[in-house]
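Please find below some notes for a first reading of this model. They are arranged as numbered points, from the whole chain down to single residues.

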Amino acid sequence: MTACQALFWRRVLRAPTSLSKSVPRSLFARTTTASTSSRPHLSLEKNCPSSTKIGTSSYTTIASLSTPPAGRSPLFFHRRHSTMTTAAPVDQLVKQVDGLSLDAVKAKFPENYPELNLMDLYRAHLSNVLSEVTGVDTSLIYPNLGWTSGLDKGDMALPVPALRVKGKKPNELAEEWAAKFPDTDPLFTKPTVSQVHLSFFIKASPLVNAVIPLVHAKGAEYGFNKADGLKDPQDPSKGQKRIIVEFSSPNIAKPFHAGHLRSTIIGGFLSNLYAGAGWDVIRINYLGDWGKQYGLLALAYEKYGDEEALQKDPINHLFQLYVRINSEMTAEKEELTKRKEAGEDVSALEANSLDEQARRYFKKMTDRDADALAMWKRFRDLSIVRYKDTYARLNIHFDEYSGESQVTEDAMNEVGKLMEEKKICKEDKGAQLIDFSELIPGKEGKRLEKPLVRKRDGTALYLTRDISELLGRHDKYHFDKMIYVVASAQDLHLRQLFKIIELLGYKDIADKCQHINFGLVLGMSTRKGTVKFLDDILRDVADKMHEVMKKNENKYSQIEDPLATADVLGISSVMVQDMSGKRINNYTFNMETMTSFEGDTGPYLQYAHARLNSIRRKAGVSDEELATADLSLLTETSAINLCRHMAGWPDVVKNTLKTLEPTTVLTYLFKLTHALSSSYDQLQVVGSEPELMKARLALYTAVQTVLANGMRLIGLSPVERM
């Protein structure tokens, strides 16, 4: 390894050496949350030879994606001891095909990035070959080359009917084209026919010798294409596209319930996904921090507040106060109702009731009373500090803690006037509502119902507040896309919001907005009872993982910080169970299942990663020795299949940008780890012949990189020992 490479890794890609240190920030996280206009960039030393340059990145925490074990250098594998740059693995593959060049591929297929995704090169080549075989233009073939359901069914598949060739039946064409496919193709074997589908298998040797070096050359960036986030991929100077992801959004002084947990996990994943694709991601936590309930909370603190308890655990203390005062208010209302029904005049009592006191206190807040706002701001600020600690455990950070309180009355009044001017809303019994059935013909208008936007007393409702907030965000951030990660129970509310924005004359803004919804978590409870806060969930699962870990005394004694490891494993358990199914599906919270090392669980993924680390440690092979690995020795089926899986990772990331489903990534990771587990009997490392050991270790180190990249994409922190 050159001195320039070593300097790059020391400065940029150094991994935390111990779990007892702070948990890594989420991948591609920005170094500042105060500004969104300044973006630090990485650069190599200017006097580095061009052959050693790894590339630059507009993100400073690439280390959190996938770094080699502490003290390891990047691996630049090569054949016959020849120096290999980042592009060399792809160049070697291109040379296998007469007349093929990267420039020609990029010119013919503009969205093709073969230097980042080997499968793009394979698709381009296969499209050219099939065009000769079928007489169909490559522009029709290329987009119809799809993935298969499993490696046993090939690496790519083509549905013959999709090419719309007339004159023969699709199954006849499939047989004819398979027979015509050249026997001597350097990258593919002859296709197999399954009714009207052609399945293509990639030849092993060229792939093995390309994908392992590419994974190690790209390292933390393997699988991610930052060109996806450019406004114009052909002209990077035009800058990045910007996306806002609003997620988590708990209510201060109320339980951080399961819905907030799902929003937090899914929103964190989506933020990582778009950041990895090169977008400028703004993470916003839109807090429920305004309303009459804060007047009630202030009354509770004046009566029962404990300064020490507030400082120690503000969220829990405020919640306890709120429950207590709300219980008193409910009992008071019931008593007043009874006395009123008995004929007693309770007007004086009602005028000084807790409900009325809370209303008056909140009125002081809206009138910008200094003392009232100071108390509210203190509650809010202390809660945010505590939330940040919890979010950090999940590898999540926010660029802005916004909230209902940040939407001004002036802004809402302006929106109200605009809706009146455009005849979007109308008066109904003193209130203002929108009757969508009068504005939009047919079933769509009826489905959007008749939401209120202002009460009779002039109070703006959530919908009005959200309209103002959305338009304000566009003015502030000029986003290209905005995602709301909110439960499916809010489907109607979000549809109403986007439609109102459109009716106001901002269809271009409405079209940039998307609601990412999700189902319910069923049966969530801790050992101590019903869950109230996220910390309860994480603590219980970490305790459970610690119990499981202690059952293996030998391994437990080797872990540097068992409690920190248990915490990471517990978080992995919760996150993987949440992401295992499609977002919209409900799922049952099952602590026994999620904390198991058997089955498709978070601990299983962590074990797979830790075992790869263990193999590397036990092998005792230096980076210099490993860099001379002869990859042609990797001929076993299990080794080839691992390479096929790794080659498909960039496609998985690309597809996930379309599905926006974390399970797309998880499904891939479990397939990879299943293939990994079944390979150990065939691919012994420690104790095998030295050259074979180096080749197999090169393979496993590449697999570890891909596994770590995928784990960090979904928000996990890969552990080194367990």
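1. Of the 722 residues in this protein, 56% count as buried. The model is a predicted one. Its accessible surface comes to about 31900 Å², and carbon and sulfur atoms hold 50% of that area.

2. The secondary structure consists of 29 helices and 15 strands. Among the contacts with a separation of 6 or more, 72% are between residues 24 or more positions apart.

3. Helix α28 covers residues 662-679, 18 residues in total. From its first C-alpha to its last it reaches 26 Å, close to the 26 Å expected at 1.5 Å a residue. The helix is mostly covered, with 13 of its 18 residues buried.

4. Two packed helices are described by the angle between their axes and the distance between the axes. For helix α25 (residues 602-619) and helix α29 (residues 690-713), the angle is about 150 degrees and the axes are 10 Å apart. The crossing of α25 past α29 is left-handed. On the α25 side, the residues making the contact include L605, A608, L612, I615 and A619. On the α29 side they include M693, L697, V703, L707 and M711.

5. Where does N395 lie in the chain? N395 is in the loop between α14 (370-393) and β6 (400-403). Its relative accessible area is 6%, under the 20% cut-off, so N395 counts as buried. A polar atom of the N395 side chain lies 3.2 Å from the backbone oxygen of G715.

6. Most residues other than glycine have a negative phi. R164 is not a glycine, yet its phi is positive, at about 55 degrees. R164 sits in the loop between β1 (156-159) and α6 (170-180). Is R164 buried or exposed? With a relative accessible area of 63%, R164 is exposed.

7. E449 also has a positive phi, near 65 degrees, and is a residue other than glycine. Its place is in the loop between α17 (442-447) and β9 (452-454).

Key:
Residues are numbered from 1 along each chain as its sequence is written. This is a predicted model: local features need pLDDT of at least 70, side-chain atom pairs count only at pLDDT 80 or more; totals for chains, interfaces and linings use all residues. Side-chain values use heavy atoms; hydrogens and water are left out. Helices (H or I, at least four residues) and strands (E, at least two) are DSSP runs, numbered from the N terminus. Buried means under 20% relative accessible area, exposed over 50%, partly exposed in between (1.4 Å probe, protein chains only). A polar contact is a pair of N or O atoms within 3.5 Å; within protein, one must be able to donate a hydrogen and the other to accept it, and residues adjacent in sequence count only if both atoms are side-chain atoms. Contact means heavy atoms within 4.5 Å. Accessible areas come from the Shrake-Rupley method with a 1.4 Å probe; for residues, only the protein chains shown count as cover. The expected span of a helix is 1.5 Å times one less than its number of residues. Axes are lines fitted to C-alpha atoms, for helices over the stretch in contact, and angles run from 0 to 180 degrees between N-to-C directions. A crossing is left-handed if the near helix is turned anticlockwise from the far one by less than a right angle, and right-handed if clockwise.
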